[in-house]
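Visitor: I am new to this kind of picture and would like to learn how to read it one feature at a time. Could you take me through it slowly?

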Amino acid sequence: MTNAPADPAALGDLMHAAFRGLRKRWMQQLAPYELTPHQFRAMNEVARAAEQNGGGDADVPPGSEPGLRLKELAERLRIAPRSATEVVDQLTAKGLVERRAHPTDRRAALLSLTGAGERLRETVLAERKREADEFFSVLSPGDRADLARILGNLGRNREE
């Protein structure tokens, strides 16, 4: 029999099983808020853009409200612009994201979280931390550090 820990196919199966367990918990955590993982990722990217550089749009004049263009959101999520539009439409209908006219480009809209979106994001992030702490509690602190290093290496080596 092959040594399972050294067999790449077995490692892939183990990683996939762990990911499925984590994803299932994540979906269950979002269900009470009627959010999907895609919707939350979009909310998170809109908020991160605002935190990182005043909204993510270099063309926005100083002093105007920041926001993230839909195209930029699609790029950050690595999805098609049409898919990003659908997610934003869903979040807008829920009152979590708003579109505002771009101050210098009539064809573009800027996305930002509403107050309700900001509050929900903070609530979900706090719950996600608790869930992740529980999920990874079977690992020692050293094992967690090793896992973070290993996954970081795998992620960096595979990004395009």
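Visitor: Let me begin with a ring: which residue lies over the face of W26, and at what distance from the ring centre?

Guide: Please keep in mind from the start that this is a predicted model. The residue over the face of W26 is R128, and it lies at 3.9 Å from the ring centre.

Visitor: Is W26 itself buried or exposed?

Guide: The cut-off to remember is that buried means under 20% relative accessible area. W26 has a relative accessible area of 10%, and therefore counts as buried.

Visitor: How many aromatic pairs are there, and how are the rings of W26 and F40 set against each other?

Guide: The count comes to two aromatic pairs. To name the arrangement, look at the angle between the ring planes, since planes over 60 degrees apart count as edge-to-face. The planes of W26 and F40 stand at 85 degrees, with the ring centres 5.3 Å apart, so this pair is edge-to-face. W26 belongs to helix α1 and F40 to helix α2, so the pair ties together parts of the chain that are 14 residues apart in sequence. F40 is buried as well, with a relative accessible area of 1%.

Visitor: What do the rings of F135 and F136 show?

Guide: Their centres are 5.0 Å apart and their planes are at 85 degrees, so this pair too is edge-to-face. F136 counts as partly exposed, at 25% relative accessibility.

Visitor: How many salt bridges does the structure hold, and how should I read one of them?

Guide: There are 12 salt bridges in the structure. When reading one, look for a side-chain nitrogen of Lys or Arg within 4 Å of a carboxyl oxygen of Asp or Glu. The side chains of R25 and E134 meet in this way, at 3.0 Å from N to O. R25 sits in helix α1, which covers residues 8-30, and E134 in helix α5, which covers residues 115-135, so that the pair links distant parts of the chain, 109 residues apart. R25 counts as partly exposed, at 23% relative accessibility.

Visitor: Where in the chain do the partners R76 and E45 lie?

Guide: The side chains of R76 and E45 meet in a salt bridge of 3.3 Å, N to O. R76 lies in helix α3 (residues 70-77) and E45 in helix α2 (residues 37-53), so this pair ties together parts that are 31 residues apart in sequence. Of the two, R76 is partly exposed, with a relative accessible area of 28%, whereas E45 is buried, with 14%.

Visitor: With which residue does E122 form a salt bridge?

Guide: E122 forms one with R121, and their closest N and O atoms are 3.4 Å apart. E122 counts as partly exposed at 48% relative accessibility, while R121 is buried, with a relative accessible area of 6%.

Visitor: How does one find open space in a model, and what is the volume of the largest pocket?

Guide: The general idea is that rolling a probe the size of a water molecule over the atoms shows where empty space is left. Here the largest pocket has a volume of about 1200 Å³. It is lined by 29 residues, and M15, F19, L22, F136 and L151 are those that lie nearest its centre.

Visitor: Which helix gives the most to that lining, and how do the lining residues divide?

Guide: Helix α1 gives the most, with 10 residues, and α1, α2, α5 and α6 (141-158) each supply at least two. The lining divides into 18 nonpolar, three polar and eight charged residues.

Visitor: Where does R78 lie, and what is its phi?

Guide: R78 lies in the loop between α3 and α4 (81-93), and its phi is near 60 degrees, again a positive value in a residue other than glycine. At 62% relative accessibility, R78 counts as exposed.

Terms used:
Residues are numbered from 1 along each chain as its sequence is written. This is a predicted model: local features need pLDDT of at least 70, side-chain atom pairs count only at pLDDT 80 or more; totals for chains, interfaces and linings use all residues. Side-chain values use heavy atoms; hydrogens and water are left out. Helices (H or I, at least four residues) and strands (E, at least two) are DSSP runs, numbered from the N terminus. Buried means under 20% relative accessible area, exposed over 50%, partly exposed in between (1.4 Å probe, protein chains only). Rings of Phe, Tyr and Trp (its six-membered ring) pair if their centres lie within 6.5 Å; planes under 30 degrees apart count as stacked, over 60 as edge-to-face and the rest as tilted. A charge sits over a ring if NZ of Lys or CZ of Arg is within 6 Å of the ring centre and within 35 degrees of the ring normal. On a 1 Å grid over the protein atoms alone, a cavity is a set of points where a 1.4 Å probe fits but cannot get out, and a pocket is an open set with protein on both sides within 12 Å along at least five of seven lines; lining residues have an atom within 4 Å of a point. Grid points are joined across faces, edges and corners, and a volume is the space filled by probe spheres set on the points. Ala, Val, Leu, Ile, Met, Phe, Trp, Tyr, Cys and Pro count as nonpolar, Asp, Glu, Lys and Arg as charged, and the others, Gly among them, as polar.
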